Amino acid sequence: MNDDEIIALFFARSEKAITETQARYGRTCLAIAGKFLDDGRDAEECLNDTMLTLWNTIPPERPTSLGAYAYAIIRNKALTRFDYNTAEKRNNTISAPIDELEDFLPDESVSDGVEDRQITEAINSFLRSQNEKKRYIFIRRYFYADSLNELATDVGMTVDAIRNILFRMRKQLKDKLCKDGICI
């Protein structure tokens, strides 16, 4: 089934929509959650929560790409679970690639006066200004949490080259955010 047919099932409130979505996007969703979470049970729970969120938001939402919509939802669910698992009182043995951006993105005290929408638009504007390869590397690292080794293999570069590109991009992003009045 294609996305339009699955979305039509959601609008018809057919439970087959969940089954078809899991068949089409379930493995990739689990892979995304697995990049943030060590425990497969947590990843499974995020997948189940994602399916529930899809059920509760379609309708009224009609996503252009069901896959991208599901991937964004599971990523957010996995990050929430990651934050829960790594809270100070809990085990803090793993770190997500998003931690690399902590020094460059404003924290909650700074973002009180800045709308999340402004930060999102500044980041999107920054990414649009990059070439396709750099944008791909940035998104794969910080949205999908790909490892440096995975990225290097995928784009045919060395790990050091990927690390350098990401370092420069983080510096450029920080400069862009400060230029837009979103300084730390």
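**Helix packing**

I started with α3 and α4, which are oblique to each other (angles under 35 degrees count as roughly parallel, over 145 as roughly antiparallel, 65 to 115 as roughly perpendicular and the rest as oblique). This is a predicted model, where local features need pLDDT of at least 70 and side-chain atom pairs count only at pLDDT 80 or more, while totals for chains, interfaces and linings use all residues. Residues are numbered from 1 along each chain as its sequence is written, and side-chain values use heavy atoms, with hydrogens and water left out.

I noted the spans: α3 covers residues 40-57 and α4 covers residues 66-85. Helices here are DSSP runs (H or I, at least four residues), numbered from the N terminus. Their axes come within 9 Å and cross at roughly 130 degrees; the axes are lines fitted to C-alpha atoms over the stretch in contact, with angles from 0 to 180 degrees between N-to-C directions. The crossing of α3 past α4 is right-handed, meaning that the near helix is turned clockwise from the far one by less than a right angle.

Next I listed who touches whom, with contact taken as heavy atoms within 4.5 Å. On the α3 side I found, among others, Asp-42, Cys-46, Leu-47 and Leu-54, and they face a set in α4 including Tyr-69, Ile-73, Ile-74 and Arg-81. By class, this contact has 9 nonpolar, 4 polar and 5 charged residues (Ala, Val, Leu, Ile, Met, Phe, Trp, Tyr, Cys and Pro are nonpolar, Asp, Glu, Lys and Arg charged, and the others, Gly among them, polar).

I then checked α2 against α3: the angle is about 135 degrees and the axes are 9 Å apart. That makes α2 oblique to α3, and this crossing is right-handed. Residues in α2 including Ile-18, Gly-26, Leu-30 and Gly-34 meet residues of α3, among them Ala-43, Met-51 and Trp-55. The α2 and α3 contact divides into 10 nonpolar, 5 polar and 1 charged.

**Salt bridges**

How many salt bridges does the structure hold? I got 11, counting a side-chain nitrogen of Lys or Arg within 4 Å of a carboxyl oxygen of Asp or Glu.

I picked Asp-42 with Arg-81, whose closest N and O atoms are 3.8 Å apart. Asp-42 is in α3 and Arg-81 in α4, so the pair ties together parts 39 residues apart in sequence. Asp-42 counts as buried at 12% relative accessibility, and Arg-81 is buried at 18% (buried is under 20% relative accessible area, exposed over 50%, partly exposed in between, with a 1.4 Å probe and protein chains only).

I also looked at Asp-3 and Arg-24, with 3.7 Å between the closest N and O atoms. Asp-3 sits in α1 (residues 3-11) and Arg-24 in α2 (residues 16-36), 21 residues apart. Asp-3 is buried at 14%, whereas Arg-24 is partly exposed at 41%.

**Helix α9**

In α9 (residues 159-179), Asp-175 and Lys-171 lie 4 residues apart, about one turn of the helix. Their salt bridge has closest N and O atoms 3.6 Å apart.

Is Met-169 buried or exposed? I have it as buried, with a relative accessible area of 1%. Met-169 is also in α9, and its contacts beyond four places in sequence include Phe-126, Leu-127 and Phe-138.

Conventions:
Helices (H or I, at least four residues) and strands (E, at least two) are DSSP runs, numbered from the N terminus.
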